[in-house]
Amino acid sequence: MLNNVVAVVLETAHPFELGVACEVFGLDRSEAGLPVYDFALAGEHPGMVRTHAGFAIEVPHGVERLAAADLVIALATDIRAEYPPALLDALRAAVARGARVLSICSGAFLLGAAGLLDGRRATTHWRHTAQLAERFPHSRVEPDVLYVDEDPVITSAGTAAGIDACLHLVRKLQGAEVARGIARRMVVAPHREGGQAQFVARPLPVDEGVSLAGLLEWMRHHLDQELTVDQLAARAHMSPRTFARRFQQETGTTPHRWLTTQRVLLAQRLLEGTSEPVDAVAARCGFGNGATLRHHFGRRVGTTPQAYRRTFGAPLGADG
């Protein structure tokens, strides 16, 4: 369930990350057939809270508001040595009763202080990943990803990666069409492939005028075909080694992982919008058979194609 959403606003809250939570979950888009969330701001106490940018905002609720939340968002703030004990207790209680928590940027330190990162993978802004790993050694910090879903704990990197994490959770719980609808209203991509490494300052390639944008679009329209690095490199007029390096530079990931992600996204759309048997969906997506589709679908979406269709799509076909 994803209905009741609370964003935690502490002193020196960062306005952009607060805006992300408000934009995804705080607006009434019912005229477009999109969900309306019961969205609220909560802090250590009700009252005015100073932001990182110097202005203050009114936060109407205290930590007791977390008790009703399906999702608690830990927003970015200046990193502090200690966090309010009552807030940490409320976060632990929320997870214990089945709620999810999602951090944006330095909000991961709040989740870590509550013990919610222990034994889990996590991430934060690339500038803070070393500090997060040192402070919470029982978590495995991944510095080169946009977000990490360790259900019920989701952590995301800096700034716009919070949009990625929020839309990922919407897509996971409410389907790709809902996530695409919200993304369309926000004028953002419903899914970005890659990691933080693509945003860290580094020298531009010598042949920076060559772009793979056209090839990526072609690949999206030929997902049903077997596409090897050698074939793609030839189409891009590059050696396989140069192509693999350029692909990593432009997308932040490998050709195989990019293709797998695009194929899973296409499978979600087909499961939502058609009643084709799972084996037919697998063939259209380039997975070949239902077993391979189920393997990759389960790893990325966290459920089976059949269960996903029952929740978000057309009735099951003859494959059951």
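## An aromatic cluster

Phe-243, Phe-247 and Trp-258 come together as one aromatic cluster; rings of Phe, Tyr and Trp (its six-membered ring) pair if their centres lie within 6.5 Å, with planes under 30 degrees apart called stacked, over 60 edge-to-face and the rest tilted. This is a predicted model, so to speak of local features takes pLDDT of at least 70 and side-chain atom pairs count only at pLDDT 80 or more, while totals for chains, interfaces and linings use all residues. Residues are numbered from 1 along each chain as its sequence is written, and side-chain values use heavy atoms, leaving out hydrogens and water.

## The aromatic pairs

The pairing rule gives five aromatic pairs. One of them is Phe-25 with Tyr-37, edge-to-face at 5.1 Å centre to centre and 80 degrees between the planes. Phe-25 sits in helix 1 (residues 15-25) and Tyr-37 in the loop between helix 1 and strand 2 (38-42), twelve residues apart. Helices (H or I, at least four residues) and strands (E, at least two) are DSSP runs, numbered from the N terminus. Both Phe-25 and Tyr-37 are buried, meaning under 20% relative accessible area, with exposed over 50% and partly exposed in between (1.4 Å probe, protein chains only).

Phe-247 and Trp-258 also pair edge-to-face, at 6.1 Å and 85 degrees. Phe-247 lies in helix 9 (residues 240-251) and Trp-258 in helix 10 (residues 255-273), so the pair ties together parts eleven residues apart in sequence. Phe-247 and Trp-258 are buried too.

## The whole chain

Overall, there are 13 helices and ten strands. Of the 320 residues, 51% count as buried.
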